[in-house]
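Please look at the sequence and the structure below. The paragraphs that follow treat a sheet, a hairpin and a loop residue in turn.

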Amino acid sequence: MSNGEKVWSLGEGQAPEDLDKPVDTPPLSSLLIERPQGGSITVGGDISFVAKVEAQDLLRKPTIKWFKGKWMDLASKTGKHLQLKETFDRRTKIHTFEMHIIKAKDNYAGNYRCEVTYKDKFDSCSFDLEVKELEQSQSVDIRSAFKRSSEGHEDAGDLDFSGLLKHREPKQDDTPEVDVWEILKSARPDQYEKIAFEYGITDLRGLLKRLKKTKKEEKKSEAFAKKLDPAYQVDKGGKIRLVVDLADPTVELKWYKNGQEIRPTPKYVKFIFEQKGTQRIMVINNCGLNDDAAYSVAAGEEKCTTELFVKGTITKEIEAVKTTVNERIELECEVSEEGAQVKWCKNGVEVPTGPRSRYRVKSEGLKHWLIIDDASKEDTGTFSLMASGGTSEAKVQVELKPLKIIQDLQDMTVLLGQPLKMHCEIFPGNVPGRWYRNGQLIQSNDRINILQRAKNHRLEIVNSTIHDAGDYTFVPEGYSQSLCAKVHIVDPPRVHLESLNFPDNTVTIVAGNKLRVEIPISGEPAPRVVWMKGERVILDSGHRVRAETFSDHTSLTIDIAEKEDTGNYKIVLQNEAGEATASVKVKVVDIPDPPDVPLVTEVGGDWCSMTWEPPIYDGGSPILGYFIERKKKQSSRWMRLNFDLNKETTFEPKKMIEGVPYEVRVFAVNAIGVSKPSEPSKAFVPLAVTSEPTMLVVDDVTDTTVTMKWRPPDTIGAAGLDGYLVEYCIEGTDDWRVTNKELTEKTKYTITGLPPEAKILVRVRAINAAGASTPRTLQHSILVKEVIEPPKIRIPRHLKQTYTRKVGEAVNLVIPFMGKPRPKVSWLKEGQTVDPTQVTIRNTDCDSIIFIRKAERKHSGKYDMKVEVENHVDTAIVDIQIVDLPGPPQCVKIDEVWGGNVALDWTPPKDNGNAAITGYTIQKADKKTMDWYTCIEHYHRTCITITELVVGNEYYFRIYSENMVGLSEGATQTKDSALIVKEGMQLKNPEYIDHDFKEPPKFTQPLINTFAIAGYNATLNCSVRANPRPKVIWMKNKIAIIDDPRYRMFSNQGVCTLEIRKPSPYDGGMYSCKAINDLGDALVECKLEVKGGFTFSELMQRGSD
């Protein structure tokens, strides 16, 4: 039970009539394998409680709850002073739950409970927390009071810390006085020892006792004149009165039981609340075991607590027990109330009673038992039973049985690898023990078996090793006696040549290198090793060749290997268990001699063929292959040609540069390394013919000639290209005839003198200093007959529109066409023959050119082109526009002058320069200075109002015309000037005839089909023009939308908008907007589709569900 609660609050309480009802909990099961144990700490200290659950048979994590008292769930109270932690060890499959209390306060003391549930399983454990208070002392010299001396003090403890201060230098007497009590009261408990050492306090136990006696100064309560007593006690069935005296009688008072508010009810007489003056009284009638709880009363922000104990009686005390190890112990106690809650403790600590505990608790009626089936010496102590009616305790003493050695351990000598069996026999039986080797504990494993059968104890090792030798000890548990024996492991000497991984035990070393061969050996005791070569013994003191022996291997070292070191080396091992011999062969090898001078047998454009003879001496190792290098003759840099060994004595170097002389050389390679290079070969120069010509095609065919054209070869080479040779033959024969006696350098050639309607094949060769290339032959035969090709004019893209040029610029148009034989070309302008003196026209076989050296406006017009091939005709039109600067505007006049404004009006220019007028530039000039300033540029209309003129000035205006060429050369000026008169003058307003602006509705911007996203606002927009202002009606599926909150309609300056708020698929459909006035009506429609969300049928289905 707790002594009060001031930090954690429970919020809403429980109805009073529910307080006496028993709590329904599932039946207990074995979930907890480690239960939290009670503890004691001082105020301000930290403590942790740990609970463990094995998850071997659990499919998911169990649920754990921590409670204070009977009802307070601590899961919602975590924070600065309380932390809950959960971890899971995947290796051991154990859940660990921890509750940490940080900087504990005195009201944290009390009973706590841990509950674990998993499906239908339940387990629970209760534990107590004791928070000890620190008392204050009055003017005590703590340093002198707790220093050890020969006389001692009344409060001196049992621990002597004077040894810590033996080498401490004495402090000077002028050290300022320090109040150590204040330092200790503000320090944590784990800092007491450090503070005691710092201030020379040697009696730490006496210090802790005095701190425990000090009383904490209680703060004066502002709400209570008198608080509840710390505890109350009442007999079962009796009545108790809990009384507090208030300092302020008007304050609201609340009573709590185990943190749950007690609410008074008219029909409930268990709790009766009374008040007398400033006293507030709660009467508890007919007290039972359920009323044994923590009670508190809250007045405003303050609270005071008490404990109520419902007293029962213990009718039969526990009896003391004295027994020996392995016996059964039963502790029995009898209480006055059946079903009373009891707690068994050992030395003041609650006894664990889980499924894996050695302790079992049994109750039957009024009797309660604590049973220990197999007693051990650790069970010696004071056992007690705590009940609400009191405590009963008794001492239990467990002693060892006398030990008798029937058969002692025997010293043994075992051959390595053989089983080792040790045996001893002691009395009494069933006494466990431990085996040790050289002081180290021996654990059972796959190789070691530890057996016990009654009085017999055995240690069996399947395959003994060197490490199994030593002193063995068997120690019976609980006894000071032990059994000892020595084990000696012996092994004949052996040489382990198999670990060298050398074929035929042959070690190969390159001449000049250092050789060190390490051969593992074994034997117990360590054998003597001798190395021999022939009849000569190799000593460890040798200069170049020496032998060395270590505990687990022997080695042969040759610092600089020579050819004479090749031979067999013998190893002899001896010890008391036997003798062993082995031999190792050493082979010294070197790199081979260089090959003979290579011979170049054939040369190509970028390659050559070469051969050579193998070296005379291969270095004692077979030749694995060859490396080949080359270099330019005038260079000193050799380049490796192959990175993979060439196993043949021939090679073909490639990728050489034509016309450059080269040399080659060869290296021989064996397993040891690469030889020196051979002598270089004689210099040679690669040279090759060109590749074949490319893209051979027929260019033209007549009745007696064939014109061919081609492209130069892709690869010409260092020998260059002298020309081409063209050949042909009649189809079906192999008689190739050369058509050009001399080489032609051009890539086009006409074969003449061919028989009409014959079929021929044509090929072309490229010729250079190295000879003729591979011929390029036309894939198909050519019929010697002219073919008619209908004419086709290919108008360039920029001439498909009007071709515009300025006056004075040159016009040069090239218009290609096709057709065979050569087409006849004719030109007409506006249906008339083109004047050759004005326009020059030149025609070729494939195009026609129109050239005008200096264009004039008269050259503008449409030119008709006609191309004829016999009866085939093709035509095209080319529109040419020659533009010039426009003339000035006509008749610029001042229409009106008012205020600082002048209205101007003019007519377009008579000559627009053969191009549309794009704008006007208006300038003004003061009559006094006649300096012209531009008012506006690129103005499109023929009337304008000039504003912001200075009053009192007189202005002239002039206007320039503008087209795509630029501004007109001259400007038209107003004949009259405009005088800006001062204010106050009357302006005669002209009379205007009102214009009738009435018109029926007309939609200038229709509705468009729209996609909307469900849940996002959508808008439909259109614009209508009408006078008078029309009435706008929105419709969905031809039904008018009226007073629907999901729609909003706007109309501003003829723009009509319909906003649909958060549409759904149900809002999709045909929407229309209708405008009506007195002159008529108009209608536009669109389709709205809403994506996402639920359709109307889905909404209806969800509503029915």
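Which residue in β34 does C424 stand opposite? The residue opposite C424 is H457. This is a predicted model, in which local features need pLDDT of at least 70 and side-chain atom pairs count only at pLDDT 80 or more, while totals for chains, interfaces and linings use all residues. Residues are numbered from 1 along each chain as its sequence is written, and side-chain values use heavy atoms, with hydrogens and water left out.

Strand β30 (residues 420–427) and strand β34 (residues 456–461) run antiparallel and are joined by 6 bridges. Strands here are DSSP runs (E, at least two residues), numbered from the N terminus, and two strands pair if DSSP finds at least two bridges between them. In general, strands of a sheet pair through backbone hydrogen bonds, either parallel or antiparallel. β30 and β34 belong to an open sheet of 4 strands, in the order β28-β30-β34-β33, with antiparallel pairing. At its edges are β28 (404–407) and β33 (448–453), each of which pairs on one side only.

Another antiparallel pair consists of β82 (residues 1047–1052) and β83 (residues 1055–1060), again with 6 bridges. Here Y1047 stands opposite I1060 in β83. The two strands form a hairpin with 2 residues between them, and Q1053 in the turn has a positive phi of about 55 degrees.

The loop between β52 (706–711) and β53 (723–730) holds T715. Beyond its neighbours within four places in sequence, T715 is in contact (heavy atoms within 4.5 Å) with T690 and S691. The C-alpha atoms of T715 and T690 are separated by 5.6 Å, although the residues are 25 apart along the chain.
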